[in-house]
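Subject: Structure for you to look at

Hello,

Here is the structure I said I would pass on.

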Amino acid sequence: MPDDLFDPLVWLILLPILWAVLTFLPGPGRGAVVAIVSLCLQLGCAVRLTADIIAHGARTHLAGGWPAPLGIPLAADGLAAAMLVLTQAVGLAVALYARSYFRDGSSLWFWPLTGFLFAGMNGLFLSGDLFNLYVTLELVGLAAVGLVANGGKAEQAAAALRYLMASLIGSGAYLFGVALVYGACGTVALDHLAGMISAPVPPALWLAFALMAAGLLLKTALFPLHYWLPPAHGDAPAPVSALLSALVVKASFYLFLRLWLGPFACLVALAPMLAWLPALLGSAAVLYGSWMAIRAERLKMLIAYSTVAQLGYLFLIFPVFGGGALALQAGLLHATAHGTAKAAMFIAAGTLIRVGENDSVRGMAGVANQLPVTLFAFALAGVSLMGLPPSGGFLAKWLLIDAALSSGQLWIAVVAITGGLLASVYIFRVLHLAFRVPDGREELRPRPVPAAMEWTALLLATASVGLGLFAMPLFALLERVGT
Amino acid sequence: MTVNELLPLAVIASSLIPGLIIFTLPERQVAVRTTLNLAGAVTKILLTGLLLIGVVSGESFAVRYTVAPGLELVFKADALALLFVSLSATLWLFTTLYAIGYLEQAPHRSRFFGFFSLCVTATMGIAMAGNLFTFFIFYELLTLTTFPLIVHRGNAKALRGGTVYLGYTLGGGAVLLVGIVWLHHLAGQTDFVQGGMTALLDSAPRLHLQAIFLLLIAGVGVKAALVPLHGWLPQAMVAPAPVSALLHAVAVVKAGAFGVVRIVYEIYGIESARNLDLLAPLAMVAGVTILWGSGRALFQDDLKKRLAFSTVSQVSYIVLGVALFGMAGTVGGLAHLVHQGVMKITLFFCAGNYAESLGIHKVSEMNGGGRRMPLTSLAFAIGALGMMGAPMTAGAVSKAWLNQGAMDAGMDWAVWVLTGSSLLNAAYFLPILYRLWLRPAPAEWPHERIPARGWRETDWLLLLPPLATAGTVLLASLFADAAISPLSLARLIGRMEYLEPSP
Amino acid sequence: MSSGLLFAIVGCLLFVFGLGGVILLDHLLRRILAFNLMGSGTFLVLVGLAQRDGTPDPVPQAMVLTGIVVAVAATALALALARRLHTGASNPPPPANPTCRDDRHA
């Protein structure tokens with residue numbers, strides 16, 4: 001039917017697969033333009049889907065017309081739509097950056113791998129059953145590992161291998177959990193499961209929840225399972241780090257959140273103390289990640305540890321779901337603000353490192369003055385990460401503190417505030433250097449930088465700050481969560 | 001969008017847009033940059049004038065914007081806002097002129113003037129904020145935009161000063177945020193309402209309200225340099241003189257004091273604040289700060305540090321005025337907000353002149369400066385006399401009201417504090433005047449950069465602003481009863497803040 | 001003991017051994033083998049589930065087939081990376097380009 005032919009749900013998954021193949025065929029290093037055009041179309045689809053959901057509520061689509069449990073249902077509600085828009089928007093900006101960044105030909109198979117990455121991520125956000133989520137999760141993991149290893153250097157191979165092992169453990173545990181769920185309930189469709197699981201809950205389901213949660217927490221690099229993230233994000237090329245930190249880790253977080261709110265909501269209601277575990281680990285992540293970022297020698301390591309800390313924030317929302325809609329708003333806003341800000345920061349760092357030919361934090365002193373637009377982008381992104389107004393990070397922090405006060409969990413507010421202050425220490429470590437008068441050792445050789453590299457960083461950083469003022473569509477979407 | 005809604009936004013835009021454009025200008029385009037700066041400053045003054053006329057005739061200027069469910073960005077140009085706005089707008093013009101003269105040939109001027117404009121934008125936002133949420137946004141923006149100004153010189157000392165500044169202000173901001181969110185959580189909104197949020201205050205538990213007050217005051221107290229949160233202010237003296245002038249007279253410190261005013265009058269309300277036993281501790285903290293600041297100033301040889309501690313002391317006059325229950329105290333505090341601004345900026349302009357023309361940074365080097373730079377020293381003398389509360393200066397006017405307010409509130413110890421402070425002020429300013437006029441000049445100045453030529457003692461751009469502001473110090477006192485004087489505006493505001501007719 | 005229960009128990013054991021192997025072993029190839037063991041354990045559980053009623057249930061069988069494909073792909077990637085790590089060699093160097101700097105990646 002003509003209507004179904006242009007269903008944005010379907011094209012969001014099909015398009016990336018198409019351009020992944022199309023960019024693979026011409027050989028290594030080609031295909032940037034195809035990818036960018038396609039990402040524009042995907043962004044259009046995501047926006048259209050968002051408008052649709054705000055107007056009419058959550059949507060489903062049955063692949064091939066086959067109903068569950070045999071068929072693969074696709075489902076999109078407010079939360080999924082928000083993540084989809086974030087993914088396509090950040091992806092488009094990073095793709096524009098990567099086109100200029102990889103002009104020297106070092107991209108090899110960046111474009112096909114990114115295509116599969118997006119296919120997997122879009123599929124993950126749109127999947128309606130646990131097993132399809134496993135498949136897309138695995139696709140995302142493998143594509144991400146491929147991207148990390150793409151450069152061809154030995155240290156990248158080591159980081160990629162460590163990432164791969166962690167990813168496989170995570171999804172292996174998840175799959176076993178899916179098997180247990182199927183054994184206990186006879187279906188893996190999310191909407192059926194939500195109604196099916198009620199007290200008393202069989203032990204198999206508790207085990208399933210534990211395994212799936214553990215696997216997803218490993219994939220989201222929650223302390224202390226974060227060990228694979230800093231080498232992977234720190235050693236990869238800048239556009240890859242941006243995609244990984246901004247989007248890939250958010251995918252597994254989204255899945256964890258989906259499980260928490262959907263099928264396993266009954267288990268959570270039976271044992272409310274469960275929520276403390278991710279929150280405590282999240283607090284430790286905030287403190288540890290910030291501490292390591294403050295001490296990092298290399299710029300990209302600093303930013304990678306910052307990701308570890310910021311991911312900890314996301315898990316602080318779990319004990320405060322009692323405070324109403326605030327917790328979900330805080331979590332989603334933080335994920336979106338962090339996604340845009342971290343991507344901006346990584347690609348700004350990529351430009352700075354390439355021009356300065358030096359990847360240490362100290363080395364930023366000379367080059368920062370040559371690239372004012374990039375530095376400003378870095379600073380703006382930093383403002384959002386520190387949670388200073390008027391950014392999206394600030395609004396997320398406000399909502400989190402409000403939710404914490406509503407549920408009486410004051411310690412979460414304290415962690416949020418402390419995290420913000422620690423973030424300002426490591427952000428200003430870098431920004432300080434921009435104001436330092438360079439002593440004669442640092443040459444100020446002007447070097448032309450493609451405009452796309454500087455302005456995509458600024459665009460993303462501005463988006464992160466703009467979220468603090470223009471977040472109302474996000475809140476409208478969140479009213480449409482759940483089918 | 002009506003004109004009334006547009007005007008507050010236009011005031012903010014009048015420095016935001018030139019600031020953003022200036023960032024993109026190359027260093028050598030001095031003329032374009034100067035034009036933008038001055039055009040912005042003049043536009044802002046004109047718009048402020050329009051707003052003042054409107055407010056005095058009873059119009060309201062407010063605009064709201066929903067950021068999140070239950071959270072609104074509100075700009076409201078009421079009489080209290082305009083007190084601060086008019087001070088900032090006028091002094092911004094003078095400081096811009098001064099900065100243009102001071103930073104001639106200095107590096108990174110585009111960056112400097114860009115952040116300079118953004119700093120004033122943030123100040124305008126603080127002044128016109130209609131609720132604590134909006135206030136906080138611009139409060140933190142002020143921190144972010146003043147940091148590059150403080151570390152402008154880029155040497156190790158400047159960076160260290162900047163780090164200390166950030167440590168204090170970001171910490172204060174964190175505490176303030178907790179207080180604001182807590183208040184919002186209890187009340188559902190944080191709007192500034194004349195007379196305070198009476199509905200909330202009747203229903204919420206006393207301890208909670210007192211705790212929130214402590215958090216809020218501690219948060220704004222960092223910028224207002226209340227003891228013991230004042231440590232950043234002397235360290236921030238590493239900034240170039242125009243920045244010190246701006247920080248101490250116009251932007252940062254005043255923003256903190258303004259925050260205290262808003263919180264006491266329009267969040268809690270003066271009557272409720274008294275009922276919650278909040279005014280007495282606040283007055284005591286202010287008293288301690290006044291004496292401590294003046295005391296420390298006595299022992300500083302560095303001129304700017306002496307002025308810094310003097311600021312610590314003088315800004316607490318405003319806080320003291322706020323904490324004194326009674327119309328006179330209120331009026332005294334609010335008037336002093338403006339008066340202290342003009343007086344302090346005069347002093348900092350002059351300090352900058354001494355440093356720039358003669359290389360003088362210490363009080364001990366100022367011998368004979370009066371004869372070499374008579375006009376600058378005259379302006380300095382007027383400012384110093386104002387600080388001491390000498391007759392015919394603005395300082396005398398506000399001190400008189402504050403003394404009256406102390407007696408009205410039954411806090412006679414405050415009169416002793418004020419008197420003590422005046423004596424200390426005399427003790428650290430009179431020796432400077434003595435050195436300037438009555439001691440012989442040294443054979444050679446430390447670093448004479450701008451040689452005297454006939455009548456000319458220094459660059460006219462550096463001379464005009466201090467003379468103008470010194471003149472304002474005198475005018476504010478001589479014409480204190482005129483309709484548009486700071487004192488009259490303070491009295492207008494004071495009348496509106498009290499729920500019942502005050503004693 | 002029914003065959004379904006047997007499959008389930010053996011599957012769990014295999015999963016646990018495999019998981020332990022991936023986490024605790026040092027040798028790269030053995031870890032990859034352990035991962036495959038983990039996968040096999042899961043598949044065995046699923047196959048057991050497929051035959052717990054009289055008629056075979058197609059859904060777990062489909063899951064197992066998909067799972068095997070995914071495991072093969074993942075194993076291939078792991079082996080390729082292990083080989084690259086071992087030999088330190090990269091694939092053919094990128095095309096020669098005057099602005100290219102081999103020794104610095106960012």
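Which residues have the most contacts inside the largest nonpolar core? They are A:Val148, A:Ala160, A:Ala344, A:Leu400, B:Leu83 and B:Val319, in a core of 432 residues. Helix 7 of chain A, residues 154-185, gives the most to this core, with 21 residues. As one example from the list, B:Leu83 is in contact with B:Leu334, B:Leu337, B:Val338, B:Leu489, B:Ala490 and B:Ile493, leaving aside its neighbours within four places in sequence.

Please keep in mind that this is a predicted model. The predictor gives the complex an ipTM of 0.91 and a pTM of 0.91. For chain C, the mean pLDDT is 82, and 81% of the residues reach 70 or more. Residues 92-106 of chain C are a stretch to treat with care: pLDDT stays under 50 there. The model has 21 contacts beyond four places in sequence for that stretch.

Next, the chains one at a time.

Chain A has 21 helices and two strands. The C-alpha trace of chain A spans about 70 × 55 × 40 Å along its principal axes. Of the 483 residues in chain A, 67% are buried. If you take the contacts in chain A between residues at least 6 apart in sequence, 80% of them join residues at least 24 apart.

Chain B also has 21 helices and two strands. The radius of gyration of chain B is 21 Å, close to the 23 Å from the globule rule for 503 residues, so chain B is as compact as a globular protein of that length. Along its principal axes, the C-alpha trace of chain B spans about 70 × 50 × 45 Å. Buried residues account for 61% of the 503 residues in chain B. Among contacts in chain B between residues at least 6 apart in sequence, 81% join residues at least 24 apart.

Now the places where chains meet.

Two pairs of chains are in contact, and chains A and C share the most contacts. Chain B and chain C do not touch, and their nearest C-alpha atoms are 28 Å apart.

Between chains A and C, 38 residues of chain A are in contact with 37 residues of chain C. On the chain A side, the elements that give two or more residues are helix 6 (130-149), helix 7 and helix 15 (326-356). Helix 7 gives the most to that side, with 15 residues. By type, the residues of chain A that touch chain C divide into 24 nonpolar, eight polar and six charged.

The contact between chains A and B takes 24 residues from each of the two chains. Here the elements of chain A that give two or more residues are helix 18 (392-407), helix 19 (410-435) and helix 21 (472-478). Helix 19 of chain A supplies the largest share, eight residues. The side of chain A that touches chain B has 18 nonpolar, four polar and two charged residues.

Is helix 15 of chain A enclosed or exposed? Of its 31 residues, 31 are buried, so helix 15 is largely enclosed by the rest of the structure. Its length can be checked too: at 1.5 Å a residue, the 31 residues should span 45 Å, and the end C-alpha atoms are 43 Å apart, which agrees. Just after helix 15 of chain A, A:Glu357 takes a positive phi of about 55 degrees.

In chain B, look at B:Leu378, which lies in helix 17, residues 374-388. B:Leu378 has 17 C-beta neighbours inside 10 Å and therefore counts as partly exposed; a buried residue would need 20 or more. The C-alpha atoms of B:Leu378 and B:Ala470 are separated by 8.6 Å, although the two residues are 92 residues apart along the chain.

Regards

Conventions. Residues numbered from 1 in each chain as written. Chains lettered and ligands numbered in written order. Predicted model: local features only at pLDDT ≥ 70, side-chain atom pairs only at ≥ 80, totals over all residues. Core = buried A, V, L, I, M, F, W, Y, C linked by C-beta atoms within 7 Å. Buried ≥ 20, exposed ≤ 12 C-beta atoms within 10 Å, placed from the backbone. Helix = DSSP H or I, 4+ residues; strand = E, 2+ residues; numbered from the N terminus. Contact = placed C-beta atoms within 7 Å. Nonpolar A, V, L, I, M, F, W, Y, C, P; charged D, E, K, R; others polar. Rg over C-alpha atoms; globule rule 2.2 N^0.38 Å. pLDDT = per-residue confidence, 0-100. Expected span 1.5 Å × (residues − 1).
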